Amino acid sequence: MDALLKLSALLLAALLSVAPAAAQPTANDTAPLGIALEGFAYPYPVFYLERMRDGERQRLAYMDVPAEGQANGRTVLLLHGRNFPSSYWQPVIQALTRAGYRVLAPDQLGFGKSAKPVGAYTFDAMAADTVALLDSLGLARVDVVAHSMGGMLAVRLARNAPTRVNSLVLEAPIGLEDYRFTVPPVSDATLLRLEGDATAESYRRQLMTNYALSLPASAIEPFVSLRERVKGSGEYPRWLQSFVNAYQAIWGQPVVHEIPLLPVPTLFIMGENDHNAPGKPFAPEALRAGMGRNAEHARTLAGRMPNGHAVVLPGIGHLVHMEATDQFNSLTLEFLDGH
C-alpha cells in the first residue's frame, strides 16, 4: 500500500509538471499558511511517517527522490537547519540525483511540513525519529549531509546509530562550541516574547547579519515571507512554542564534545564569514567577541578526529549551499564518491 501511495504521488507530481521555482515561497505570497505549510508546494512529492510525541500522533514529512539515470545504490540523507524547510535543499537534491544518488530529505518534527510538538526537544529523540524513517524505507546505511542545526542532529545520529551512517558532510554546522559556557539560560517566556515580536524586517536583518550572507536580501525574502504567512494560522502559538523548543535544545544539548569521537569520514564545508552563534545576544558583552569562530573550530575539531577534514570557502557565510552552490555540490560529490 505504501508503495502504491508513493507511486501515485510521483505520477501526480509528473502530471502537474511542477516547476522548480514553485518549490520556494515567493515574496508576493501573503495568504496565511497552516503551521505544517499546508498548501505550500515542495519541489518533490512529500510523504509522511506516523510518530508519537507528547502523547499525540505526529506526522514526519519527507521527500524521497530517486536517482536519475544509472543509480549507484546509495542514499544521501539531508538534515536541514532551524530556519528553513527541507525544500531549500532543492539545488543539492538535483546535483545528487543526477550523480546517481537516491536522496531522502525529511522535515524533522517541529519544522516544515512535519507536525509541531509542544514538549521539549531532544537530539536523541530526533535521531530516533530519523532511524525510524530509515527503517520504514528499508535503508540500512546512508551518507549524511547536514546544515546548521542539522549538523548537531547528524553528530547525535552518528553516535547513537553508528552502523547507519557511512559518512558525514557538515555544512556550516552550529554546535562547534558549548554555548552554555558563554550564554546564560533564557526562559521560554522571554524567547516566546522576542520571537513573537519579530517582524519581517527584523527577521530579514537577523538572517542577513547573523548568517553574514553574501546573497542579496531578495534571495532570502521568500523565506521571510513564509514565516510571516505562518503568523496568520490559528495555530501560530503552537508553531512559536515549537520554534522556541528548538533553541532550548541547541543551547542545552551540546554535541561538540562528541565530535572528536566520530570514526566515520567527515567533511566540514564552512563559510569563512560565518560567525553564527545561537544565543550570542544573550551573552555578556565581554564574551560575545569570542563566540562563533566556526571555521576555526571546524579546522580544530577535524584535526582531532580519526578521519576529519575541513574546507573553508572565502567570502561565504552560513548558507553555503545557496551562496556557493556549484562549489558546495562539487565538494560534496567528490567526498561522497570517495567514500
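The model is predicted, so local features need pLDDT of at least 70 and side-chain atom pairs count only at pLDDT 80 or more, while totals for chains, interfaces and linings use all residues. Residues are numbered from 1 along each chain as its sequence is written, and side-chain values use heavy atoms, with hydrogens and water left out.

The secondary structure of the protein chain comes to 12 helices and 8 strands, where helices (H or I, at least four residues) and strands (E, at least two) are DSSP runs numbered from the N terminus. Some values for the whole chain are as follows.

| Property of the protein chain | Value |
|---|---|
| Radius of gyration, over C-alpha atoms | 19 Å |
| Span of the C-alpha trace along its principal axes | about 60 × 50 × 40 Å |
| Buried residues (under 20% relative accessible area, 1.4 Å probe) | 56% of the 339 residues |

The axes of helix H2 (residues 90-98) and helix H12 (residues 325-337), which are lines fitted to C-alpha atoms over the stretch in contact, come within 10 Å and cross at roughly 40°. Contact, meaning heavy atoms within 4.5 Å, is made by Pro91, Val92, Ala95 and Leu96 of H2 and by Thr325, Phe328, Asn329, Leu333 and Leu336 of H12.

Leu191 is found in helix H5 (residues 188-197) and is buried, with a relative accessible area of 6%. Leaving aside residues up to four places away in sequence, Leu191 touches Val186, Val244, Tyr247, Gln248 and Phe282.

How values were computed
Axes fitted to C-alpha atoms, helices over the stretch in contact; angles between N-to-C directions. Buried < 20%, exposed > 50% of the residue type's maximum accessible area, 1.4 Å probe, protein only. Rg over C-alpha atoms; globule rule 2.2 N^0.38 Å.
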